[in-house]
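The following paragraphs lead the reader through a structure step by step. Please keep the sequence and the model in view while reading.

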Amino acid sequence: MTPDQMFQEVATLRRKYDELVAFSVNLTAERDILNNTLEQTKRDLSRESAQRASLENNSPQRGVASNGSNSLMPAEGSKKGGVGFTQLIAVIFFACLSGYIYGVKYSGSIDEIDGVLGNLLRMIVNAF
């Protein structure tokens, strides 16, 4: 190898080393930024969690467990919610009745029904 080739090789290696050091410095700076952001986010999360826990402990909401967990069990003393069986039967009855009335009104076969139910249905259909 000639001295000129060795000089070029050393210059190339020095340039590559400088690029590697610059890249390493950039990565270190990014790592520090991300670590700081992570720590800040952890602090914010712990602060929000503490605020939420204190709010849940001070004023439990109706129907929500007050033991601090994310349980879906109702709290003691809260009323059972939802639709009752009788409400469900009433809604089904009225839905069937309205569907029947709609079908009778537009098909014209109300004369097939006799008795009290037929009279009641005729009154209802004629009212609409």
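A residue is called buried when its relative accessible area is under 20%, exposed when that area is over 50%, and partly exposed in between, as found with a 1.4 Å probe and protein chains only. The model is predicted, so local features need a pLDDT of at least 70 and side-chain atom pairs count only at pLDDT 80 or more, whereas totals for chains, interfaces and linings use all residues. Residues are numbered from 1 along each chain as its sequence is written, and side-chain values use heavy atoms, with hydrogens and water left out.

The overall fold comes first. Helices (H or I, at least four residues) and strands (E, at least two) are DSSP runs, numbered from the N terminus. Of its 128 residues, 7% are buried. Contact means heavy atoms within 4.5 Å. Among the contacts in the chain with a separation of 6 or more, 7% are accounted for by residues 24 or more positions apart. Accessible areas come from the Shrake-Rupley method with a 1.4 Å probe, and for residues only the protein chains shown count as cover. The chain exposes about 11400 Å², of which carbon and sulfur atoms supply 61%.

How confident is the predictor? The pLDDT gives its confidence in each residue, from 0 to 100. The chain averages a pLDDT of 79, and 68% of the residues score at least 70. Among the elements of the chain, helix 1 has the highest mean pLDDT (93), while helix 3 (residues 115-127) has the lowest (69).

The charged side chains may be considered next. Side chains of opposite charge can pair when their charged atoms come close. A salt bridge is a side-chain nitrogen of Lys or Arg within 4 Å of a carboxyl oxygen of Asp or Glu. How many salt bridges does a search of the whole structure find? The search finds three. One of them joins Asp-32 to Arg-31, with the closest N and O atoms 3.4 Å apart. Asp-32 is partly exposed because its relative accessibility is 36%, and Arg-31 is partly exposed because its value is 48%.

Another salt bridge links Arg-47 and Asp-44 at 3.2 Å, N to O. Both residues lie in helix 1 (residues 3-58), three residues apart, which is about one turn of the helix. Arg-47 has 44% relative accessibility and therefore counts as partly exposed; Asp-44, with a relative accessible area of 29%, is partly exposed. Arg-52 and Glu-56 also meet in a salt bridge, at 3.1 Å from N to O. These two residues are both in helix 1, four residues apart, again about one turn of the helix. Arg-52 counts as exposed because its relative accessibility is 51%, whereas Glu-56, with a relative accessible area of 24%, is partly exposed.

A pair of aromatic rings is described by the distance of the centres and the angle of the planes. Rings of Phe, Tyr and Trp (its six-membered ring) pair if their centres lie within 6.5 Å; planes under 30 degrees apart count as stacked, over 60 as edge-to-face and the rest as tilted. The structure holds one aromatic pair. The rings of Phe-93 and Phe-94 have centres 5.5 Å apart and planes at 65°, and the pair is therefore edge-to-face. Both Phe-93 and Phe-94 are exposed.

Helix 2 (residues 85-107) includes Tyr-102, which counts as exposed because its relative accessibility is 56%. The C-alpha atom of Tyr-102 is separated by 8.1 Å from that of Val-125, 23 residues apart along the chain. Phe-85 is also found in helix 2 and is exposed, with a relative accessible area of 63%.

Notes:
pLDDT = per-residue confidence, 0-100.
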